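Please report on this model. Cover the ligand site, the backbone geometry and the helix packing.

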Amino acid sequence: MDDLRKGHAAAVPPGAVLERVAIEDRPALVATFARAQPDAVLHFAAFSLVGESVARPDWYYHNNVLATLVLLDVMREHGVRRFVFSSTAAVYGAPEHLPIDEAAPTQPTNPYGATKLVIEQALPWYEAAFGLRYVSLRYFNAAGATERLGEHHEPETHLIPLLLQVALGQRPSAEIYGVDYPTADGTCIRDYIHVADLAEAHVLALAALEQGSRVYNLGNGLGFSVRQVLEAARRVTGHPIPAVERPRRPGDPPRLVASAARIARELGWQPKRPTLDEIIGSAWEWARRHPHGYATRCSSP
Ligand SMILES: NC(=O)c1ccc[n+]([C@@H]2O[C@H](COP(=O)([O-])OP(=O)(O)OC[C@H]3O[C@@H](n4cnc5c(N)ncnc54)[C@H](O)[C@@H]3O)[C@@H](O)[C@H]2O)c1
């Protein structure tokens, strides 16, 4: 289910059925559940732009909290008790210790992280009262592409696709926000995880629901600075990718790096594509074949 307010019908794989449904639309949701009779729900639909969430917290509370509560109601009414939730590293805010593990304090510094945390906090109560089984997956920075599927947001705010747009000649330069952070090269450090590794974690999480509810970080455990990402993008694309230095953005912590030790230990998950060259290389392959994202006719299977 996706109402395509941000998504792309062309991204739906052959064999899957797309239901154009807004998840806050209870009658449409009820009709879809009655027709599809799902065993489980993997819930990705959300707004996820930090800056936008600060300007329009109302949009974020409506879409990330209210709509999710409608979805949980309809699941309960249809006896669907298995739930995998897309949460985020933004629930942690500015961490005191690195790498961040799941026991770290959750102190979001923006409405986006706060709205995801509201749902995470509701889930144990739904479990106690209604027998809902859930896994909350706190993703760090999703990146990379598969042969068929890549990243296409409007507006694009993620670093790697922005750098690739410069390499494609669609932007004159990239921007680096803050070069005076207390890091080796002065730029922010983030944890990038390949989207195919994320997908594999969802399959494991779904199977593990039988053994109980839990919360997992999903990251590489490897932090890369903005300059390291820029250098890797230059290396992969062979393009000079000019970059303009800008002041820091408010609320950007210097370092966010995950410990994914818990999911490694409990479910045996390991990122298989951890290097920047693999992550950026796969995104570049897709971007070259789809220079206008999903508006480009697929030239691959
Ligand atoms: N991309 C990341 O790095 C990242 C990191 C942490 C968490 N997440 C979470 O992962 C999930 C997916 O993120 P993404 O980057 O693919 O975002 P996205 O915007 O590309 O995908 C979200 C999809 O949900 C749909 N949608 C939104 N609200 C809806 C609603 N009310 N009803 C029906 N459809 C709706 C949109 O049309 C879109 O296709 C989100 O929950 C996000 O918070 C993403």
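Which atom of the ligand lies 2.7 Å from a backbone N or O atom of Phe44? An oxygen atom of the ligand does. The model is predicted, so to speak of local features requires pLDDT of at least 70, side-chain atom pairs count only at pLDDT 80 or more, and totals for chains, interfaces and linings use all residues. Residues are numbered from 1 along each chain as its sequence is written, and side-chain values use heavy atoms, with hydrogens and water left out.

**Ligand site**

| Backbone N or O atom of | Ligand atom | Distance |
|---|---|---|
| Asp3 | nitrogen | 3.4 Å |
| Phe44 | oxygen | 2.7 Å |
| Ala142 | oxygen | 2.9 Å |

The protein covers 87% of the 830 Å² of accessible area that the ligand has on its own. Accessible areas come from the Shrake-Rupley method with a 1.4 Å probe; for residues, only the protein chains shown count as cover.

Strand 2 provides the largest share, three residues. Helices (H or I, at least four residues) and strands (E, at least two) are DSSP runs, numbered from the N terminus.

In total, 26 residues surround the ligand. A residue counts as near if one of its heavy atoms lies within 4 Å. The closest are Asp2, Phe44, Asn63, Tyr112 and Lys116. By type, the shell holds 11 nonpolar, nine polar and six charged residues. Here Ala, Val, Leu, Ile, Met, Phe, Trp, Tyr, Cys and Pro are nonpolar, Asp, Glu, Lys and Arg are charged, and the others, Gly among them, are polar.

**Backbone geometry**

Most residues other than glycine have a negative phi, and most peptide bonds are trans. Some places here depart from that. A cis peptide bond links Leu98 to Pro99, with omega about -10°. Pro99 sits in the loop between strand 2 and helix 4. Another cis bond joins Glu154 and Pro155, with omega about 0°. Pro155 belongs to the loop between strand 4 and helix 5 (159-167). Gln37 is not glycine, yet its phi is positive, near 50°. Gln37 is in the loop between helix 1 (26-36) and strand 1 (41-43).

**Helix packing**

Two packed helices are described by the angle between their axes and the distance between the axes. Axes are lines fitted to C-alpha atoms, for helices over the stretch in contact, and angles run from 0 to 180 degrees between N-to-C directions.

How do helix 7 and helix 9 meet? The axes of helix 7 (residues 226-237) and helix 9 (residues 276-289) come within 9 Å and cross at roughly 55°. The pair is therefore oblique. Helix 7 passes helix 9 in a right-handed crossing.Angles under 35 degrees count as roughly parallel, over 145 as roughly antiparallel, 65 to 115 as roughly perpendicular and the rest as oblique. A crossing is left-handed if the near helix is turned anticlockwise from the far one by less than a right angle, and right-handed if clockwise.

Methods
A polar contact is a pair of N or O atoms within 3.5 Å; within protein, one must be able to donate a hydrogen and the other to accept it, and residues adjacent in sequence count only if both atoms are side-chain atoms.
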